[in-house]
Amino acid sequence: MRSRIILLILFCLCATQCESRKNIIFSNSYTKIYKNSVCKPDEKFPQIVMIPFFESATQLVEDCKTYPKHKTALAMMIFYHKWQEYFGDSDYSVKNTLNKTMIKWGKNVRVLDANGFDLEGAPLTHALIAGLTESKTVVWVWQGKHGKISETSLMHELVHISLGASVGNFDPDHEGGKYYGWSPAHSVMIEEAKDMLRAFNI
Ligand SMILES: [Zn+2]
């Protein structure tokens, strides 16, 4: 009887452990490819650095002072945590997109050379911008002056590519009515994600 109970406990332990391994969100191994992919100050710039735990996600940096890869990885994990809380991701389309995203960190703001929209959907031309979604998996983000990812537009740009992945529309006019996808909940989610980044001091 006693051995049966022990066996049962062992089975339960294994079952919980196996279950939790199934529930991992991103790759949970810090593989060699991530360890070896580092910013090299003496080599040519820009350089591409792998973002650990996100399959083939990368960041493009203009120098080695830009956010280290582990901070970018944590920021992306927090983004996905918040996205799932608000919008779910049952087909993993957002997760799969994050796993192949490239974040191009910029040292200076840019002038918008095409037409864009502000957060309320009002048209913008030749405005100074701090972030841009360039394609399905490429975002450009001004690294900012504060040295904190929370104060950049990274969370905002990740919403654009996640909308592209989940509803098939990047919704460039945000809360405006010309394109669909972006709702007030997306703007709230961004603020909560940024607060979470601040809690981790990143
Ligand atoms: Zn935008």
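**Core and strands of a predicted model**

Q: Which residues touch the most other members of the largest nonpolar core?
A: The model is predicted. Its largest nonpolar core holds 33 residues. Those that touch the most other members are F54, A75, M76, F79, L154 and L158.

Q: Which elements give two or more residues to this core?
A: Both helices and strands contribute. The strands are β1, β3 and β9 (138-142). The helices are α3 (69-87), α4 (93-98), α5 (154-167) and α6 (184-199).

Q: Which residues does F79 touch, not counting those up to four places away in sequence?
A: F79 is among the core residues that touch the most other members. Leaving out residues up to four places away in sequence, its contacts are M155, L158 and A193.

Q: In which sense do β2 and β3 pair, parallel or antiparallel?
A: Strand β2 (residues 58-61) runs antiparallel to β1 (residues 47-50), joined by four bridges. There, M50 partners T58. On β3 (residues 102-106), K104 stands opposite L60. Three bridges link β2 and β3, and their sense is parallel.

Q: Is A127 buried, partly exposed or exposed?
A: A127 lies in the loop between β6 (123-124) and β7 (128-129). Within 10 Å it has 14 other C-beta atoms. Buried needs 20 or more, and exposed means 12 or fewer. The count falls in between, so A127 is partly exposed.

Q: How far apart in space are A127 and D113, C-alpha to C-alpha?
A: A127 touches L112 and G116, with residues up to four places away in sequence not counted. D113 is 14 residues from A127 in sequence. Their C-alpha to C-alpha distance is 8.2 Å.

Key: Residues are numbered from 1 along each chain as its sequence is written. This is a predicted model: local features need pLDDT of at least 70, side-chain atom pairs count only at pLDDT 80 or more; totals for chains, interfaces and linings use all residues. Two strands pair if DSSP finds at least two bridges between them. Two residues are in contact if their C-beta atoms, placed from the backbone, lie within 7 Å. A nonpolar core is a set of buried Ala, Val, Leu, Ile, Met, Phe, Trp, Tyr and Cys residues joined through C-beta atoms within 7 Å.
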